[in-house]
Amino acid sequence: MKKDLVLSLNKLSKRFGKVIANDAVSIELHRGEVLALLGENGAGKTTLMNMLFGHYLPDSGSVEVADSSGNMHPLPLGNPQAALAAGIGMVHQHFALAENLTALDNILLGSEKLFSLGRNTSAARAKINGIMERTGLTAPLDELVGRLSVGERQRVELLKALYRDARILVLDEPTAVLTPQEADALFKNIGAMTKEGLSVIFISHKLREVLAFSHRIAVLRHGKKVGEMETAKADQRSIARMMVGEDSPVTKREKLDPGKPVLHLNAVRVTGKSARNSLHGVDLTVNAHEIVGIAGVSGNGQNALAMLVSGLVSPDEGELSVEDNIITRFNPAAFIKAGIGRIPEDRHHHGVVGAMSVAENLVIERLDDTEVQNRGFLRSGAIGAIAEKLSKNYDVRGPGAEAPARLLSGGNIQKLILARVFECAPKLILANQPTRGLDLGAANEVSRRLLEARGRGAGVLLISEDLDEILALSDRVMVIHDGRINAANTTDRQAIGMMMAGEAA
Amino acid sequence: MEALEIFLNVNFWAASLRIASPLIFGVLGALICERAGVLNLGIEGIFVAGAMAGWMAVWLGAGLWGGVAVAAFAGAFFGLIHAILTIPLGLSQHVSGLGVTMLATSASYFTYRTALPDVSSPPRIVPFQPLDIPILSDLPFLGPVLFQQTAMTWLAIILVGVVWWVLNRTPLGLAVRAVGDNPDAVDAQGLSVYGLRIGAVVVGSSLMALGGAFLTMSAFDAFFFGMINGRGWIAIALVIFASWRPGKALLGALLFGAFDAFQVRLQTQVGAFVPSQIFLMAPYVLSIIALVLLARGADYPRALLKPWFKGQR
Amino acid sequence: MIRIEPRETTSRLWNIGVPILSAVIALGFAAIPLALAGANIAEAYYQMGRGVFGSVFAFTEMLTRATPLIFTGLAATLAFRAKLWNIGAEGQLYLGAMAAVVVGTGAIDAPAIVLVPIVLLAGAAAGAAGMAGPAYLKNRFGADEVVTTLLLNFVILIFLQMMLEGPLKDPMSLGWPQSEPIVDNAALPRLLDRMRIHAGLILALVVAVISHIMLSKSVWGFKLRAVGENAAAALHAGIGVKRSLMGAAIVSGAVAGLAGVSEVAGLKGYLTADLSPGFGFTGIVVAMLAGLSPIGVVISAVFIASVFVGADSMSRAMGVSSFLADLVVSLSLICVLIGGFVSNYRFVRTAKRAA
């Protein structure tokens with residue numbers, strides 16, 4: 001069926017330095033349509049949408065948007081206000097919400113006349129209530145956003161856009177932080193909205209939901225649009241090939257018998273400031289030759305688990321032992337000495353000191369080592385040699401070992417961290433979201449190294465929100481929900497999804 | 001027991017309010033800046049600039065309210081420098097603020113010295129006089145306390161209400177609070193992060209300058225070198241005490257004023273046994289202690305000290 | 001439309017050129033207040049130059065003035081490298097000076113070879129204690145060290161006045177609040193006859209070199225830099241962040257304390273409450289102008305000292321207020337901040353939108 005055109009992106013291009021993020025991408029969107037924008041990390045999906053919304057100014061190309069009566073007009077670029085006025089709403093992956101304001105105030109922010117002596121929110125409230133009724137998107141309007149759950153915050157973001165009469169909605173990986181069930185509910189809401197004439201672009205790399213909920217699919221690869229098709233005519237395999245350019249290599253995991261336990265958590269309790277930083281009585285064992293995957297929706301205690309196993313927090317109750325030794329000193333240095341290698345979730349902020357050199361970052365965890373220092377002074381020659389060797393062995397590419405680490409790409413920063421961790425032959429490796437945001441090549445490299453360490457006899461604790469990654473790599477799957485960890489005893493997505501949502505499988 | 005009688009003395013409470021007044025201006029100014037996400041350590045120098053500029057304007061014949069306007073303008077000027085350095089350029093708020101303090105102080109001193117090269121005792125102006133407000137000054141106890149205050153103290157108290165109203169009851173205040181918590185939220189809704197922050201720092205700085213002007217135009221009648229004496233820094237400490245709320249800022253400034261007035265009076269009673277410097281130190285020590293006790297629970301604006309650049313999410 | 005983008009690399013030339021250019025621009029800006037003050041601008045600059053380079057005496061006076069600035073500049077550098085905002089060097093300087101007076105005015109009778117090191121150590125220890133306090137409050141309670149160190153300056157200065165009117169007062173001073181004189185064996189030797197330049201300068205240079213080596217070549221310095229650049233990553237990598245901060249605080253305070261010792265035992269010979277015309281604060285400008293490099297601190301201290309000494313001399317000759325020097329110093333801080341921005345970022349003109 002032919003629908004009215006509401007948005008057309010014409011040959012948008014954008015470079016960042018030497019990197020071409022988008023190369024003459026054209027996309028059309030029709031009234032009431034759900035378009036899925038697919039692509040690997042770094043394919044240019046987010047950049048494209050940021051240009052549409054005015055956060056980035058394209059180097060070339062143009063955008064046309066339909067007004068409420070259907071006539072197309074050019075959109076002034078690089079101007080979020082113009083995009084808002086034209087009826088384009090965007091929900092970012094990282095929510096743009098002020099936590100010290102209520103949900104209502106976040107929705108109204110910027111929509112009222114700035115310089116007025118007071119506020120009258122009753123009309124706004126009525127309008128929002130109307131939207132909530134029609135779409136099923138509900139959120140407590142008078143609660144501070146800081147107190148809302150992730151799902152509620154996302155609904156506030158959607159309400160923000162709808163309140164401003166958005167006719168085109170852009171959702172950047174909307175389900176990344178949701179359970180499969182919450183995600184289904186979201187798509188149901190989206191369905192209700194499109195019936196009212198709203199058009200939606202959603203960015204994703206989850207083939208399953210794309211196939212289930214979109215009308216049309218556009219695929220980006222290396223900044224170019226490489227394919228477009230009706231969802232009805234697409235299948236998982238053909239889209240996957242389009243995304244990665246070839247059949248994605250299946251990670252080969254040979255069968256190994258688990259060895260002795262390398263990490264054991266016994267009834268561990270961690271009380272953090274919020275639920276996401278707490279663990280409530282966790283028992284967990286990771287054996288040698290074993291990868292244990294921790295699946296779960298973001299904010300269910302993964303952070304506390306990672307901090308605990310990194311030595312950054314100490315448990316209030318319970319014990320943590322490495323091999324047969326109960327750990328009593330909870331600090332990162334002691335954990336490194338005990339043979340725990342850590343790949344942090346936020347590699348830019350926790351993994352490297354960006355202003356220091358690649359070489360310095362490669363030795364930062366072993367400053368006590370006499371290979372690195374002599375009576376308190378750095379052995380710069382030896383450090384240089386280590387850096388050269390590791391950069392070569394782990395294929396860390398960049399402007400050189402003496403250049404600041406911040407100049408490396410995300411993938412190369414991760415390789416730097418891998419080099420640092422694996423070089424110390426750790427007994428246990430904590431890998432927290434190790435492939436998030438990496439391109440396929442770097443992600444495969446990470447997986448390969450983790451499997452290699454497993455083969456060598458290390459235990460791996462893999463925390464990931466990407467269920468596919470967990471299922472591909474893990475010998476055992478555990479599910480974390482609300483600070484509790486339970487064995488999944490299954491590889492069935494739906495069953496694990498139920499556990500992630502806190503319901504018995 | 002004599003020490004306790006101090007609290008029953010009208011003059012004591014009047015003095016407390018007088019000492020609190022410049023701090024009220026200062027804390028309100030600093031609070032506005034910090035609510036928008038910008039620490040303004042230029043405050044000490046902006047106090048000096050306000051004190052000097054306001055006084056000099058009056059001395060040159062501008063009239064008292066003219067002096068207030070000139071002081072506010074001087075504060076806005078130095079605030080704008082800090083704003084440009086820290087907001088669009090995203091430079092260290094600490095270093096920029098200290099730089100502005102040095103600049104504002106030296107520019108004020110230089111101007112004063114150049115305008116009045118050869119005076120041995122500083123020239124005087126006729127400052128603001130106590131304001132007799134009908135009904136209010138007839139109140140028992142409170143009346144005489146208020147009766148001793150000048151229009152500038154009243155202005156400070158009124159500004160507490162105004163700042164509270166603007167921050168909590170207007171769309172502008174909503175936006176200022178949001179920009180100090182998450183600039184991306186403000187940007188995504190089509191408001192200007194730079195505009196809001198620069199505006200807040202400029203307005204906040206002009207309030208700070210009024211705190212300085214209070215000293216030369218209400219508390220005293222002349223300008224001296226070194227007269228600000230850390231009041232700006234104390235205001236920065238009081239903002240934390242006030243947990244960035246105007247009402248608690250007023251309370252904090254009043255408590256501080258009462259403490260300072262108390263130590264001055266206590267000094268006259270026990271001064272023979274205790275070196276006077278112990279009393280002089282007390283306000284600074286008190287501020288440090290308050291800071292230490294409140295630091296852990298302090299709920300800093302989340303975006304404070306964090307530079308934000310357009311187009312870099 | 002113009003956008004701001006970080007530069008990938010900054011050349012060495014930029015790093016050295018920017019501070020020099022900032023200094024020159026700040027000096028140039030001084031023409032505005034000079035003109036407003038009605039002075040002959042060319043004459044004023046000439047007098048400033050003469051005040052520094054006009055004679056050997058003038059030049060040594062400048063170096064004498066640079067000596068405490070090297071110390072306080074290093075104090076700021078060592079702390080700021082760890083992102084520890086020590087704004088209390090002024091107070092720590094006075095603590096060092098007081099300690100020097102306590103042990104150096106006759107309490108200990110020893111030959112110079114013993115007494116001078118004792119005086120130096122005492123001053124350094126006092127200064128270190130003065131910064132260890134705020135660092136402890138920061139580590140233990142999370143109290144912002146900016147405000148605590150700023151306020152401690154006042155507390156220490158008032159404490160000094162109390163001491164100078166009490167226990168440390170020289171009974172022979174006819175009521176002036178000043179300390180007894182430093183004994184000869186505790187004094188830092190003069191470097192040249194009939195000049196005030198003293199061994200404090202040599203000590204300052206030695207401390208600068210040691211600071212450079214410790215920051216760039218030692219494990220201690222490595223940790224300190226890592227903590228300053230990214231405390232979260234440093235913590236994650238097993239570096240004791242609080243310990244590193246405390247180390248930076250102690251060393252920074254100690255060096256600031258040495259500034260006080262050097263002024264009392266090298267230059268003045270006794271302690272008064274106006275020993276320092278804000279050396280502690282000026283040290284921040286020195287450090288920033290030096291790009292937080294210990295060796296750079298020496299050069300920028302010489303520049304700032306030249307401004308002060310030159311402006312003093314110009315002020316005497318022409319009757320322009322010597323506050324001009326403070327104005328130039330603060331302007332050079334602002335200029336170097338902007339310069340630092342220009343060398344780290346660039347303005348990119350982005351294509352105007354297609355209509």
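Two residues count as being in contact here if their C-beta atoms, placed from the backbone, lie within 7 Å. Keep that in mind as you click around.

Before you start: this is a predicted model, where local features need pLDDT of at least 70, side-chain atom pairs count only at pLDDT 80 or more, and totals for chains, interfaces and linings use all residues. Residues are numbered from 1 along each chain as its sequence is written, while chains are lettered from A and ligands numbered from 1 in the order in which they are written. The model scores ipTM 0.92 and pTM 0.92.

**Stop 1: two helices in chain C**

Select residues 56-81 of chain C for helix H4, then 241-268 of chain C for helix H11. (Helices are DSSP runs of H or I with at least four residues, strands are E runs of at least two, and both are numbered from the N terminus.) The axes of H4(C) and H11(C) come within 7 Å and cross at roughly 170 degrees. Axes are lines fitted to C-alpha atoms, for helices over the stretch in contact, and angles run from 0 to 180 degrees between N-to-C directions. So H4(C) is roughly antiparallel to H11(C), a label for angles over 145 degrees.

Now show some side chains: C:Phe71 and C:Leu74 are among the residues of H4(C) in the contact, and H11(C) brings residues including C:Val255 and C:Leu258. The contact divides into 14 nonpolar, five polar and one charged. Ala, Val, Leu, Ile, Met, Phe, Trp, Tyr, Cys and Pro count as nonpolar, Asp, Glu, Lys and Arg as charged, and the others, Gly among them, as polar.

**Stop 2: a sheet in chain A**

Jump to chain A and find an open sheet of six strands, in the order S16-S19-S20-S13-S21-S22, with mixed pairing. Two strands pair if DSSP finds at least two bridges between them. At the edges sit S16 (340-343) and S22 (484-487) of chain A, each pairing on one side only. The twist averages 20 degrees from one strand to the next.

Zoom in on S13 (290-295) and S21 (476-481) of chain A: they run parallel, joined by four bridges. Here A:Gly293 stands opposite A:Val477 in S21(A). Next, select 493-500 of chain A: this is helix H17, which lies across S13, S21 and S22 of chain A at about 30 degrees to S21(A).

**Stop 3**

Which residues of chain C have pLDDT under 50? Select 351-355 of chain C, where pLDDT stays under 50. pLDDT is the predictor's confidence in each residue, from 0 to 100. Where it is low, the predicted coordinates should not be read in detail. Chain C has a mean pLDDT of 92, with 95% of its residues at 70 or more.

Definitions and conventions
Parallel < 35°, antiparallel > 145°, perpendicular 65-115°, else oblique.
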